[in-house]
Amino acid sequence: MSDLEVPLRPKRKKSLVDFLVQFRWIFVIFVVLPFSCAYYFLIYLGDVRSEMKSFKQRQKEHDENVKKVVKRLKQRDPKKDGLVCTARKPWIAVGMRNVDYKRARHFEVALSAFRNILEIDKDRMIARVEPLVNMGQITRVTVPMNLSLAVVAELDDLTVGGLINGYGIEGSSHIYGLFSDTVVAYEIVLADGRVVRATKDNEYSDLFYAIPWSQGTLGLLVAAEIKLIPIKEYMRLTYTPVVGNLKELAQGYVDSFTPRDCDQDNPVKVPDFVEGMIYSSTEGVFMTGRYASKEEAKKKGNKINNVGWWFKPWFYQHAQTAFKKGEFVEYIPTRQYYHRHTRCLYWEGKLILPFGDQWWFRFLLGWLMPPKVSLLKATQGEAVRNYYHEMHVIQDMLVPLYKVGDALEWVHQEMEVYPIWLCPHRLFKLPVKTMVYPEPGFEHHCRQGDTPYAQMFTDVGVYYAPGPVLRGEVFDGAEAVRKMEQWLIENHSFQPQYAVSELNEKDFWRMFDAGLYEHVRRKYGAVGTFMSVYYKSKKGRKTEKEVQEAEQAHLETAYAEVDQPMD
């Protein structure tokens, strides 16, 4: 049993907002779910229409849309117009932070037309796609070909542009790295209207390495070429329950996919997919998957589980049955496995619809799930939005693999959020130092999961209402996030910028490295055209004066050694 203790907290007085949140399910069922279903259907029709066009026709439309973006950029008067932003409405973004930077005066450029798969090149094993292509759209095209992106983020709605400019991970990231690590080329419209193709070995290699995590503040992404891999029809998934304290759970998770002899590149010893879920301070289930053929899956005695069907139990609850069954194996159709968390939004669906996991709801209305995140945000109002920022946690902590146990103990003591999602990923040692980077000298320690060219990290996903909130106790969400951010800085760990952040500018650049980013911003004219990544991520309203002063400060920032040559 865990010997960790959580602090005692006084009871919190409930307000009207508490009741609005408690009974929000009524609005969700009668308004959000029907509109979400209709919206998904219209998007699907648009995708089908796009797929019916030839690649040549899609490329022609792409070139025309790029010319419109260039023309729009050249219409901007730097003396009169604000900084450049996309025309996308703030509530459409999947991330939880307030998109407050658009409250300052800004110059909008529309990118809504960039939602086509431009080419599937089977010879080069490359998918060329536009930034608004989402994961559901691309797997619908590639999986029937027995092809897939090397990293497919779990939720259908996540877009290529968001996963590149921000952050993207999946159960295969312990092999391929983060989503941006699988990109081989970017097509970018720069501040001066030039359209360039950046790769790791051409004249724009510095731009290529600076794009990930930049939040679209270096240029406008209009296309990306992404690595494809061959796959099979099914995923053979093994569920392994582990009981013990948090450090023991962490070690069980590490052992599930990393050989103790450091032979991390051996495909016999390392599974294709890895995922862990910590259900309490003493219980966790770790899942390892390997691609399997249709012939293997349909052999006598093997169990096939179509987890994507609307009436099936939510995936995280299905995995939890391993505590009763013991370790078990089943086969899941590959595309359904990729999107296993979509219907219940990991476990957030339990808070949105408290009875959504019940058998009767799944059979009657499960086909309407999930509610579209953008519609949930658009209909929540300022008071409810602020409530979620204070009384709810949606954060990812990217920590070195050997520190996962410490991170779990910290979350238990400060937030007490369960379940917790665990997903490993490689952080590669690159020719230049990017915003996120491995620990210096990691390659000399030969820790589990590490190789000479990459350090193994883990995403500790903390998504749910904290224990104190569920018990009706006082909880200071902003202070908890501040403490988490300081823990991350002290432990060479990172916070994805889609989440609510309390970082000031100095601490932001303590967490992330600014050198390459600021060098590229100046070199390609982004300063004075696009907002800096800190101010785009910063919590709270941004006045026009504040943004202008911040841009001027960035020319002489003390946090970035912009005049030193890049290694």
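Cys 262 is located in the loop between α8 (246–255) and β10 (273–280), where helices (H or I, at least four residues) and strands (E, at least two) are DSSP runs numbered from the N terminus. Although Cys 262 is not a glycine, its phi is positive, at about 65°. The model is a predicted one, in which local features need pLDDT of at least 70 and side-chain atom pairs count only at pLDDT 80 or more, while totals for chains, interfaces and linings use all residues. Residues are numbered from 1 along each chain as its sequence is written, and side-chain values use heavy atoms, with hydrogens and water left out.

A positive phi, near 60°, also occurs at Gln 215, a residue other than glycine. Gln 215 belongs to the loop between α7 (205–210) and β8. With a relative accessibility of 12%, Gln 215 counts as buried (under 20% relative accessible area; exposed is over 50% and partly exposed in between, with a 1.4 Å probe and protein chains only). Two loops contain cis peptide bonds. The bond from Met 369 to Pro 370 is cis, with omega near 0°, and Pro 370 is found between α14 (359–365) and α15 (373–378). The bond joining Tyr 418 and Pro 419 is cis as well, with omega about -5°; Pro 419 is in the loop between α17 (404–414) and β14.

The protein as a whole has 23 helices and 15 strands. Along the principal axes, the C-alpha atoms fill a box of roughly 65 × 60 × 55 Å. Buried residues make up 59% of the 567 residues.

In helix α16 (residues 381–391), the buried residues include Tyr 387, Tyr 388 and His 389. The buried residues of α16 pack against α1 (16–22), α2, α18 (467–470) and α19 (477–490), contact meaning heavy atoms within 4.5 Å.

Strand β4 (residues 126–129) is covered on both faces, with Ile 126 and Arg 128 buried on one side and Ala 127 and Val 129 on the other. β4 pairs with strand β3 (residues 117–121) in the antiparallel sense over four bridges (pairing requires at least two DSSP bridges). Val 129 is the bridge partner of Ile 117. Four residues separate the strands of this hairpin, in which Met 125 has a positive phi near 55°. β4 also pairs antiparallel with strand β8 (residues 220–230), over four bridges, and Ala 127 stands opposite Ile 226.

Strand β15 (residues 454–464) is largely enclosed by the rest of the structure, because eleven of its eleven residues are buried. Eight bridges join β15 to the antiparallel strand β13 (residues 393–400), with Met 397 partnered by Val 460. Strand β14 (residues 420–428) pairs antiparallel with β15 over nine bridges, and His 425 has Phe 457 as its bridge partner.
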